[in-house]
Amino acid sequence: MQNPTRAICAATLLFAIGAVGLTSISPFAYVSSAQAQEEYLPTQKDFVGKWKLNGGAIRPPRDMKDAPTPEQEAAANEFQQTVTAFYGAFDYLEITADGHYNFHQPGDPTSGPCVWCGTWSFSNSSAWLKLETAPRLDIYAKDGDMQMTYTVEPDEKSKYAWLVFGWTKAE
């Protein structure tokens with residue numbers, strides 16, 4: 001009888017820790033538990049389409065050894081608001097099967113010149129935008145939203161490594 005009680009206590013503790021950890025992240029449109037039941041490794045074609053920004057958050061870089069200071073978190077929050085405003089100025093992000101991406105501005109003709117565009121590649125179940133900050137795009141569940149994180153910082157003082165953005169399929 002003692003083992004089931006320990007299992008319930010451990011599960012409750014893990015749930016509580018997870019719930020507390022999630023409160024520090026801005027809202028995203030999360031995938032349902034049914035979608036997340038099995039591991040999903042996206043293919044290149046899963047990234048193709050039009051994507052709308054659905055939210056943003058900050059999180060300390062994974063390689064950060066010490067707890068972030070209040071100043072670091074404040075600076076990252078401020079920078080995140082700036083970058084969110086930048087992405088929010090676009091109608092949508094289009095990723096095409098021929099290896100191109102384009103952030104479309106309101107009223108852009110579909111065949112007109114792009115303002116912020118480039119190429120992307122697919123590696124390790126992720127799409128990578130070819131930019132200085134190497135944004136990595138991941139999809140964690142079939143027909144799920146896309147998450148954008150940055151894997152490279154342009155300089156040592158950059159706050160890009162703190163940023164996370166969520167994108168929802170627009171078509």
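Phe122 has Ala127 of strand 5 as its bridge partner, in what is a predicted model throughout. Strand 4, which covers residues 116–123, and strand 5, which covers residues 126–129, are paired in the antiparallel sense over four bridges. Ser121 likewise finds its bridge partner in strand 5, in this case Trp128.

On its other pairing, strand 5 joins strand 6, residues 135–139, again in the antiparallel sense and over two bridges. Ala127 takes part here too, its bridge partner in strand 6 being Leu137, so that Ala127 is bridged to Phe122 as well as to Leu137 by the rule that two strands pair if DSSP finds at least two bridges between them.

## The barrel and the overall fold

These pairings belong to a barrel into which eight strands close, in the order 1-2-3-4-5-6-7-8, with antiparallel pairing. From one strand to the next, the twist averages 30°. The secondary structure of the protein amounts to three helices and eight strands, and when it is read along the sequence the pattern is α-α-β-α-β-β-β-β-β-β-β.

Of the 171 residues in the protein, 31% are buried. When contacts between residues at least 6 apart in sequence are considered, 55% of them join residues at least 24 apart. The accessible surface comes to about 10,900 Å², and carbon and sulfur atoms account for 57% of that surface.

## Backbone angles in the loops

In the hairpin of strand 4 and strand 5, where two residues lie between the strands, Asn124 takes a positive phi near 50°. Ser125, which is found in the loop between strand 4 and strand 5, has a phi near 65°, a positive value in a residue other than glycine.

Asp143 lies in the loop between strand 6 and strand 7, the latter spanning residues 146–150, and has a positive phi of about 60° although it is not a glycine. Asp143 is exposed, its relative accessible area being 69%.

## Gln80 in helix 3

Gln80 lies in helix 3, which runs over residues 70–88. Gln80 is buried at a relative accessible area of 9%, which means that its value falls under the 20% limit used for that class. If its neighbours within four places in sequence are left aside, the residues in contact with Gln80 are Gly56, Ala57, Ile58, Leu163 and Phe165.

How values were computed
Residues are numbered from 1 along each chain as its sequence is written. This is a predicted model: local features need pLDDT of at least 70, side-chain atom pairs count only at pLDDT 80 or more; totals for chains, interfaces and linings use all residues. Side-chain values use heavy atoms; hydrogens and water are left out. Axes are lines fitted to C-alpha atoms, for helices over the stretch in contact, and angles run from 0 to 180 degrees between N-to-C directions. Buried means under 20% relative accessible area, exposed over 50%, partly exposed in between (1.4 Å probe, protein chains only). Contact means heavy atoms within 4.5 Å. Accessible areas come from the Shrake-Rupley method with a 1.4 Å probe; for residues, only the protein chains shown count as cover.
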